[in-house]
Amino acid sequence: MKPYFYSTLFIISSLSMHSCYAPEQNCAKFQQGTFEFEALVEGELKKTRFLRNESFEIEYYEGKTDTAQIRWINDCEYVLKSQDPKNRQEAQAMHFKILTTENNQYTFEYSLVGSDNKQQGTAYKVVNDD
């Protein structure tokens with residue numbers, strides 16, 4: 001009977017310790033500011049810089065600038081829609097969800113609105129605008 005007691009106690013304590021851990025999610029800290037995002041594009045590391053305020057996100061990538069309207073769904077989710085789309089693909093809105101935050105960075109997932117094909121990335125806040 002004792003081995004059962006100890007194994008049950010171990011399982012309960014493991015579960016209670018696991019349930020106490022929740023990844024940090026201070027999304028409000030990342031709603032405005034200047035950020036950088038790096039991604040591998042065709043085997044080459046590319047960097048994007050973007051500025052975000054409560055209404056717009058302005059992206060700087062390879063000498064080009066793109067502006068999108070931002071609509072926050074809640075503290076951790078928002079939708080971007082290009083202000084001046086040049087084709088059908090650019091006209092599609094993108095959904096972003098901040099998954100975790102830590103110090104000056106956040107991990108997020110993104111996809112076209114309505115798509116199940118989600119990608120993940122990490123952005124870094126480079127200028128503290130608090």
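Q: Let's start with strand pairing. In which sense do S2 and strand S3 pair, and over how many bridges?

A: Happy to begin there. S2 and strand S3 (residues 56–61) pair in the antiparallel sense, over four bridges. Keep in mind that this is a predicted model.

Q: How many bridges does S2 share with S1?

A: S1 and strand S2 (residues 44–52) are joined by nine bridges, again in the antiparallel sense. Here Val-41 stands opposite Glu-44 in S2. This hairpin has two residues between its strands, and Glu-42 takes a positive phi near 50°.

Q: Which strands pair with S5?

A: Two to look at here. S4 pairs with S5 in the antiparallel sense over six bridges, and the two form a hairpin with two residues between them. Within that pairing, Trp-72 stands opposite Tyr-78 in S5. S5 is also joined to S6 by four bridges, and these strands run antiparallel as well. There, Val-79 stands opposite His-95 in S6.

Q: Is S5 mostly covered or mostly open, and how many of its residues are buried?

A: S5 is mostly covered, with five of its six residues buried.

Q: How should I read a nonpolar core, and which residues have the most contacts inside the largest one?

A: The general idea is that in soluble globular proteins, nonpolar side chains tend to be buried together. In this structure, the largest nonpolar core has 15 residues, and those with the most contacts inside it are Phe-50, Tyr-78, Leu-80, Ile-98, Tyr-106 and Phe-108. At least two residues of this core come from each of strand S1 (33–41), strand S4 (64–74), strand S5 (77–82), strand S6 (94–102) and strand S7 (105–112).

Q: Which residues is Leu-80 in contact with, leaving aside its neighbours within four places in sequence?

A: With those neighbours set aside, Leu-80 is in contact with Glu-57, Ala-68, Gln-69, Ile-70, Ala-93, Met-94 and Phe-96.

Q: Now for charged side chains. How many salt bridges does the structure hold?

A: Side chains of opposite charge can pair when their charged atoms come close. This structure holds seven salt bridges. One of them links Glu-57 and Arg-52, at 2.9 Å from N to O.

Q: Are Glu-57 and Arg-52 buried or exposed?

A: Glu-57 has a relative accessible area of 7%, and Arg-52 has one of 4%. Buried means under 20%, so Glu-57 counts as buried, and so does Arg-52.

Q: Which residue does Glu-38 form a salt bridge with, and how far apart are the closest N and O atoms?

A: The partner of Glu-38 is Lys-47, and their closest N and O atoms are 3.9 Å apart. Glu-38 counts as partly exposed because its relative accessibility is 39%. Lys-47 is partly exposed too, at 46%. Both belong to a network of salt bridges that links Glu-36, Glu-38, Lys-47 and Arg-49.

Q: Where do Glu-62 and Lys-46 lie, and what does the pair tie together?

A: The side chains of Glu-62 and Lys-46 meet in a salt bridge of 2.5 Å, N to O. Glu-62 lies in the loop between S3 and S4 and Lys-46 in strand S2, so the pair ties together parts that are 16 residues apart in sequence. Lys-46 counts as buried, at 17% relative accessibility.

How values were computed: Residues are numbered from 1 along each chain as its sequence is written. This is a predicted model: local features need pLDDT of at least 70, side-chain atom pairs count only at pLDDT 80 or more; totals for chains, interfaces and linings use all residues. Side-chain values use heavy atoms; hydrogens and water are left out. A nonpolar core is a set of buried Ala, Val, Leu, Ile, Met, Phe, Trp, Tyr and Cys residues joined through side-chain atoms within 4.5 Å. Buried means under 20% relative accessible area, exposed over 50%, partly exposed in between (1.4 Å probe, protein chains only). Contact means heavy atoms within 4.5 Å. Two strands pair if DSSP finds at least two bridges between them. A salt bridge is a side-chain nitrogen of Lys or Arg within 4 Å of a carboxyl oxygen of Asp or Glu.
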